[in-house]
Amino acid sequence: MPTPPFVLSLRSKIGHDPLWLSGITAVVVREIDGVDHVLLIQRSDSGRWTPVNGIVDPGEHPADAAVREVREEASVECEVIRMTSLSVTGQVRYLNGDVSQYIDHAFLCRWLSGAGEPGDDEALAVQWCPIDALPAMDSDNTMRTSIALEGDPECRLVR
């Protein structure tokens, strides 16, 4: 998985110590043959299906990061409709020993163009899944996707 240069720079100073990062989850919806579908990627690091996830670059607005990450990982253009949830992950320990924790900004996004295909080495595959037939996902991504698809106009603060 490519690590953003700013994270590598921080890691050169702090080593494997816990690092607090801003992240995004983009739940991209598209109607296909009258049925709503969600864009999912199969992650190259775990093989799991997830909505697009990513790290917000320094100075980048989280909504812009969501659009950028969808373009980079899935070769799809989208627009953000609204932020649907804000949550904090547990600590993540990577194989190299790095420890991070994320404040995740989840967004409901609307598909604009692109069939969907891996755009970088973070995705093994890209798939449009009917919302009533989503594959098993980890609990955090299941929760963020469910909240985004509920249609509640309020952003949910998940504790």
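## Strand β6 and its partner

Strand β6 (residues 92-93) pairs with β7 in the antiparallel sense over 2 bridges; two strands count as paired if DSSP finds at least two bridges between them. Helices (H or I, at least four residues) and strands (E, at least two) are DSSP runs, numbered from the N terminus. Arg 93 has Val 99 in β7 as its bridge partner. The two strands form a hairpin with 5 residues between them, and Gly 97 in the turn has a positive phi of about 100°.

The model described here is predicted: local features need pLDDT of at least 70, side-chain atom pairs count only at pLDDT 80 or more, and totals for chains, interfaces and linings use all residues. Residues are numbered from 1 along each chain as its sequence is written, and side-chain values use heavy atoms, with hydrogens and water left out.

## Other strand pairings

Strand β7 also pairs with β5 and with β1. With β5 it runs antiparallel, joined by 10 bridges, and Leu 86 stands opposite His 105 in β7. With β1 it runs parallel, joined by 11 bridges; here Val 29 stands opposite Arg 110 in β7.

Strand β1 is joined to β4 as well, by 4 bridges in an antiparallel arrangement, with Gly 23 opposite Ile 55 in β4. In a regular strand the side chains alternate between the two faces of the sheet. From β4 (residues 52-55), Val 52 and Gly 54 point one way and Asn 53 and Ile 55 the other way, and all are buried. Buried means under 20% relative accessible area, exposed over 50%, and partly exposed in between (1.4 Å probe, protein chains only).

## The nonpolar cores

A nonpolar core is a set of buried Ala, Val, Leu, Ile, Met, Phe, Trp, Tyr and Cys residues joined through side-chain atoms within 4.5 Å. The largest one has 20 residues, and those with the most contacts inside it are Ile 24, Ala 26, Val 28, Leu 39 and Val 70. At least two residues of this core come from each of β1 (19-32), β2 (35-43), α2 (62-74), β7 (99-113) and β8 (123-130). The largest share, 6 residues, is supplied by α2. Apart from this core lies another, of 9 residues, among them Val 27, Trp 49, Leu 108 and Ala 148.

Contact means heavy atoms within 4.5 Å. Leaving aside residues up to four places away in sequence, Ala 26 touches Pro 51, Val 52, Ala 66, Val 70, Phe 107 and Cys 109.

## Helix α2

Helix α2 is mostly covered, with 10 of its 13 residues buried. Among them are Pro 62, Arg 68, Glu 69 and Glu 73. The elements that cover the buried residues include β1, β2, β4, β5 (77-88), β7 and β8. Just after the helix, Ser 75 takes a positive phi of about 55°.

## Asn 141

Asn 141 lies in helix α3 (residues 139-150) and is buried, with a relative accessible area of 4%. Not counting residues up to four places away in sequence, Asn 141 touches Thr 25, Thr 50, Pro 51 and Asn 53.

## The chain as a whole

The protein chain has 3 helices and 9 strands, in the order α-β-β-β-β-α-β-β-β-β-α-β. Of its 159 residues, 42% count as buried. The C-alpha atoms fill a box of roughly 50 × 30 × 30 Å, taken along the principal axes.
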